[in-house]
Amino acid sequence: MYSEEHLYSIALRESNLIGDINFHKLVRTFGSAKAAWENAGKEYKKLDGFGKKMISDLENPEHLRFAEKELKFCETNYISINLRHRKDFPFLLNECDDAPAILYQKGTFDHSRQKVSIVGTRNITTYGKQFIHDFFEETQACHFTSVSGLALGVDKEVHEQSLYHQIPTVGVLAHGFHTLYPSKNKKLAEKILEEGGCLLTEFNSSRKPDRENFIQRNRIVAGISPATIVVETAFGGGSISTATYANLYNREVYALPGKITDKQSQGCNHLVFQHKASAISTVKDLVDQLGFNKPKTKTEELFPYSEITVQFTENQKKVFDAVFENPQISLDDLADKINLSSHKILPVILELELLGKVKSFSGRQFLAI
């Protein structure tokens, strides 16, 4: 299941000062992680931008011992180890210059499905919940996979709605597979795996959910999908970093606007104001812009349409009934039919137009809608 290349990749990534970008330079120069491990210390002058101090930690036997333990941990816990330089990554993520060198995976990642990343605040409101519910109602027959960060709030709602609508979902973690944070989402994580989704992380089993890991994690959430949707976030919220990464990767970003007085909408509004995200007006428009291969079914507005019964006044009902029964009736004929003068009918027609019940045409003709 695992090869020497997995072993040396983990060991190399454990070396001090060898981050993801430098890792990629090393394997590109020497051809493999194993060759880089064995030769970089002696041939560091070949490497542009590398000094002796930077690679002084290479060949440290402690890193190899750690890598051996990590392989055993992954084998015991059925964890796949994806290597970027072996082309194991999702295609779009592999395009990102700062993509992780290693991506640990539990569960199934369906490369054939389009991905859409959906992120937002932990302090989700009913407005955000309603939008997420409506989005998944609208897209339940579409061939896609949702991606989020398996945190509380928006992330949790995204994963749960995905599962409810039988849409595969991917959770990107900010720590290794030895733990799960927040612990409240443990059952949700298990359900994601049971229902054909997967969990991803760039962090090995020694990495705890430290604060800085969450920002680092967000670049995977943004990089893995062609589009990121920000549902709700305050100024400076973590989702702003996800949107920033998505912009950096030249991906589409959509934000759900809200009242300027609502704290959890201020970040979204600011993204739109700064032209860093497109404002979501309706779920229908959003789905069209995402380009989902959806069936020919009726699409709804931002929130589900419900029939509103209008209580007509006596004159409104009289005019509406006459227009309904006589499509494109003229003003003069309408006046004759209901025995009401034209100057009294016109204000009623305007009221019915504002209610969305009547449409006017040239030549003072009217049609019931």
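A cavity is a set of points, on a 1 Å grid over the protein atoms alone, where a 1.4 Å probe fits but cannot get out; its lining residues have an atom within 4 Å of a point. This is a predicted model, in which local features need pLDDT of at least 70, side-chain atom pairs count only at pLDDT 80 or more, and totals for linings use all residues. Residues are numbered from 1 along each chain as its sequence is written, and side-chain values use heavy atoms, without hydrogens and water.

**View 1. The largest cavity.** The structure holds two cavities of 30 Å³ or more. The largest has about 40 Å³ of space (the volume filled by probe spheres set on the points, which are joined across faces, edges and corners). Its lining includes R122, H175, Y181, F214 and R217. By class, eight lining residues are nonpolar, two polar and two charged (Ala, Val, Leu, Ile, Met, Phe, Trp, Tyr, Cys and Pro are nonpolar; Asp, Glu, Lys and Arg charged; the others, Gly among them, polar).

**View 2. The second largest cavity.** About 40 Å³ of space lies here. Y254, A279, I280, S281, T282, D285, L286 and Q289 form the lining. Helix α12 (residues 283–290) gives the largest share, three residues (helices are DSSP runs of H or I, at least four residues, numbered from the N terminus). Four lining residues are nonpolar, three polar and one charged.

**View 3. S341 and its contact.** S341 sits in the loop between α14 (331–338) and α15 (342–354). Its side chain makes a polar contact with the side chain of H343 (3.1 Å) (a pair of N or O atoms within 3.5 Å; within protein, one must be able to donate a hydrogen and the other to accept it, and residues adjacent in sequence count only if both atoms are side-chain atoms).

Note on methods:
1 Å grid on protein atoms, 1.4 Å probe; cavity = no way out; pocket = protein on both sides within 12 Å on 5 of 7 lines; lining within 4 Å. Helix = DSSP H or I, 4+ residues; strand = E, 2+ residues; numbered from the N terminus.
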